[in-house]
Structures are given as structure tokens and as C-alpha cells.
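Biologist: I'd like to learn how to read a model like this one. Could you walk me through it?

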Amino acid sequence: MDGLYPAMAGGALEDIVSITPIGDPRQKITVASLRDRKLQHQPITCLTAYDYASARLVDETGIDIILVGDSLAQTMLGYDNTLSVTVDEMLHHVKAVRRGVKNAFLIADMPYGSYHLGADEAVRNAARFMKEGGAEAVKMEGGEKRADLVRRVIDAEIPVAGHIGLTPQSLNVMGGYKVQGKSLGGVEQLMRDAVALDRAGVACIYLEGIPREVAALITAEVGAPTIGIGAGPDCDGQVLVFHDILNLTFGAPAKFVRRYGDAAALISDAVQAFRADVVSHQYPSDNESYHLSRETQQALETVLERKRGMRR
Ligand code: KIV
């Protein structure tokens with residue numbers, strides 16, 4: 001007789017490596033399954049999410065990786081750039097996203113300043129994202145110069161996602177959000193960055209704002225899956241920012257952004273309609289109201305009548 005779990009079908013308990021019910025169409029995404037995707041040339045999908053509701057919707061579509069990016073500094077908190085957001089602010093969002101995610105691989109961004117003061121501090125902060133936030137990996141910006149730090153964090157049993165190219169936390173050093181790796185020297189540096197992170201053992205490498213030709217070279221060179229954003233179609237996967245694809249960013253989108261919906265219009269229309277209904281007494285209707293039972297209403301009438309009689 002077949003059962004839901006192998007043990008119930010007579011399998012020995014020690015043989016069970018997973019208690020995922022038979023027939024569950026979705027598999028939990030792991031570091032290993034991301035590597036398999038690269039080997040099998042199956043594109044990896046990644047989207048940012050910053051709260052419970054959006055994380056749950058994104059996860060239920062079958063997206064492979066959910067990134068709680070420090071871009072939440074702008075999209076959720078209204079800061080000008082990513083530099084101000086703190087570990088505690090990031091953690092607040094990572095915890096909410098964790099509660100909405102079942103199958104996607106959950107990566108938390110380490111914010112600026114949380115891994116720049118030394119390896120001990122970096123490991124301590126990364127461990128908070130795992131222990132308190134429930135993340136499955138942390139992301140850090142920077143290549144060759146971060147390789148030793150990345151190794152230290154991985155040694156603490158924390159998977160790390162690398163991030164090279166246009167790294168927004170280096171805004172002031174780069175002198176703006178500029179495409180990186182356009183000169184021969186720039187290409188060579190990016191190759192060194194990618195190889196150093198790969199050798200350090202990263203789970204994947206985000207490639208942001210670099211020429212597609214360079215992204216293709218890196219993707220062919222490294223074992224870790226590459227996830228591109230503004231890096232062309234030859235990466236192992238693609239990531240976009242949730243607010244960008246839904247027109248929730250209040251500004252002109254970058255060249256690589258494709259809009260898949262207009263949540264701004266949807267929200268605006270709904271809020272305007274609600275406001276108009278309240279102002280014109282159309283909301284709430286009788287059907288949207290609670291009522292007393294007939295008996296209580298009759299008893300109330302009697303009480304009110306008696307009070308009116310006493311006042312006369
Ligand atoms: O913070 C973020 O959203 C990111 C992605 C753009 C890769 O780092």
C-alpha cells in the first residue's frame with residue numbers, strides 16, 4: 001500500500017532523507033540545486049521581496065531565489081541610496097519575508113558597514129541574519145578584496161552570495177551608478193573578482209551593471225551560478241527588483257528594467273474609488289454592516305421608548 005511518506009509504506013526510518021510529501025510539485029531550492037541548474041543550463045529566477053505578503057506571492061509563483069536586498073533602503077524606507085540602512089532595519093524585513101517563503105532560497109543582503117570593519121564583526125552580523133532572520137545565505141558586495149572575508153563567513157557555515165560590477169554600496173567611490181568593466185583593465189579586474197569569489201566558495205555571484213560580453217565570459221569561467229541584473233542574457237539567472245517590475249519606484253527605470261505590471265495605477269485607482277465612495281456615502285452599504293438580531297432590536301426599541309416616555 002502506498003502512503004504519503006515512505007515510512008508509512010514500510011520504508012525503514014533511517015532511509016528517509018526528506019519528509020516532503022510525495023506528489024509535492026515544488027522542491028526546496030538549495031545551494032546544491034542552484035549549482036545543478038547551472039550545470040543543466042536551466043535559467044535561475046530571482047526577485048527581491050521585502051515583506052510577508054510580497055514574499056508569499058513571489059514564492060508561490062515558483063521563483064527560485066528571494067533576495068531581501070538592501071535596495072529596500074529606497075523602495076521601502078525612502079532613503080536616497082542604500083548606504084543608510086542598518087542591520088536592524090534589514091533584519092526586520094528579513095524576518096517578515098522568512099514567514100512568507102517556503103520553497104525559494106532566501107538570501108539576505110548585508111548592509112553597508114556591517115562587514116567592512118573586520119571579519120569578526122562580519123561573521124557576527126552574518127550569523128544574526130541566519131539565526132534571527134532565518135536567511136539561508138548572506139550577500140556581500142565586492143570581489144577580490146573581499147575573498148578572505150567571504151572565506152571566513154563560509155567557514156562559519158554561512159553560505160555567501162557575491163556581488164560584483166556596479167555595486168551600489170560603492171556609490172561614492174564609483175562617482176555615481178555607472179556601468180563597470182567597460183575598459184580592458186576593468187574587464188580584467190572583473191574576471192579576477194569573479195574567480196576570487198568562486199575560489200572562496202560562494203553559492204552564487206550577482207553581476208550588476210556590466211557589459212553582456214563580460215558577463216558571458218565570467219559565467220563560462222566560474223563554477224558558481226551567475227545571477228545578472230543589467231548584465232545581459234548569458235548569465236545563469238536573472239534578478240530584478242520587485243518594485244521595478246511593478247512600477248512602484250516613482251522614477252525613470254534603468255535600461256535593463258522591464259515592467260510587467262502597473263501596481264502604482266492599481267493602488268491609486270483603488271484608493272481613489274474608496275475615497276469617492278466614502279465621500280458620497282456609498283460605502284459601507286447595509287450588506288457591509290453588522291446587524292442586531294430581531295429580538296434584541298425589539299428589546300432595544302422598548303427600552304428607548306420607555307426612556308423617551310420618562311423624558312416627556
Ligand atoms: O539590493 C538589491 O536589490 C540587490 C539586487 C539589485 C541584486 O542587491
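This is a predicted model: local features need pLDDT of at least 70, side-chain atom pairs count only at pLDDT 80 or more; totals for chains, interfaces and linings use all residues.

Biologist: Let's start with the ligand. Which residues surround the ligand?

Modeller: The general idea is a distance test: a residue is near a molecule or strand if its C-beta atom, placed from the backbone, lies within 6 Å of it. Here the ligand is surrounded by Thr48, Gly69, Asp70, Ser71, Asp109, Tyr206, Glu208, Ile229, Val239 and Val241.

Biologist: How do the residues of that shell divide into nonpolar, polar and charged?

Modeller: For sorting, Ala, Val, Leu, Ile, Met, Phe, Trp, Tyr, Cys and Pro count as nonpolar, Asp, Glu, Lys and Arg as charged, and the others, Gly among them, as polar. The shell around the ligand then gives four nonpolar, three polar and three charged residues.

Biologist: On to helices. How do you read a crossing?

Modeller: First, helices (H or I, at least four residues) and strands (E, at least two) are DSSP runs, numbered from the N terminus. Axes are lines fitted to C-alpha atoms, for helices over the stretch in contact, and angles run from 0 to 180 degrees between N-to-C directions. Take helix H2 (residues 52–61) and helix H4 (residues 87–100): their axes come within 7 Å and cross at roughly 40 degrees. That makes H2 oblique to H4; angles under 35 degrees count as roughly parallel, over 145 as roughly antiparallel, 65 to 115 as roughly perpendicular and the rest as oblique.

Biologist: Is the crossing of H2 and H4 right-handed or left-handed?

Modeller: Right-handed, in the case of H2 passing H4. The rule is that a crossing is left-handed if the near helix is turned anticlockwise from the far one by less than a right angle, and right-handed if clockwise.

Biologist: Which residues of H2 and H4 meet?

Modeller: Contact means that the C-beta atoms of two residues, placed from the backbone, lie within 7 Å. On the H2 side you have Tyr52, Ala53, Ala55, Arg56 and Asp59, and they meet Ala96, Val97, Arg99 and Gly100 in H4. That contact of H2 with H4 divides into five nonpolar, one polar and three charged residues.

Biologist: Show me another pair. At what angle do helix H5 and H6 pack?

Modeller: Helix H5 (residues 119–131) and H6 pack at about 45 degrees, with their axes 9 Å apart. So H5 is oblique to H6, and H5 passes H6 in a right-handed crossing. Ala119, Ala122, Val123 and Ala126 in H5 meet Leu149, Arg152 and Val153 in H6. The contact of H5 with H6 has six nonpolar residues, no polar and one charged.

Biologist: And why are H8 and H9 called roughly parallel?

Modeller: The axes of helix H8 (residues 184–200) and helix H9 (residues 212–221) come within 10 Å and cross at roughly 30 degrees. H8 and H9 are therefore roughly parallel to each other, and their crossing is right-handed. In H8, Val187, Leu190, Met191, Ala194 and Val195 meet Val214, Leu217, Ile218 and Glu221 in H9. The tally for the contact of H8 with H9 is eight nonpolar, no polar and one charged.

Biologist: Now the loops. Is His41 buried or exposed?

Modeller: Count neighbours: a residue is buried if 20 or more other C-beta atoms lie within 10 Å of its own, exposed if 12 or fewer, and partly exposed in between, with C-beta atoms placed from the backbone. His41 is exposed, with 7 other C-beta atoms within 10 Å. You'll find His41 in the loop between helix H1 (31–39) and strand S1 (44–48). Its phi is near 55 degrees, a positive value in a residue other than glycine.

Biologist: Where does Glu157 lie?

Modeller: Glu157 lies in the loop between helix H6 (147–155) and strand S5 (160–165). Glu157 has a positive phi of about 70 degrees although it is not a glycine, and Glu157 is exposed, with 8 other C-beta atoms within 10 Å.

Biologist: Last one: which residues does a cis peptide bond join?

Modeller: Tyr283 and Pro284, with omega about -5 degrees. Pro284 is found in the loop between helix H11 (263–279) and helix H12 (294–311).

Conventions
Residues are numbered from 1 along each chain as its sequence is written.
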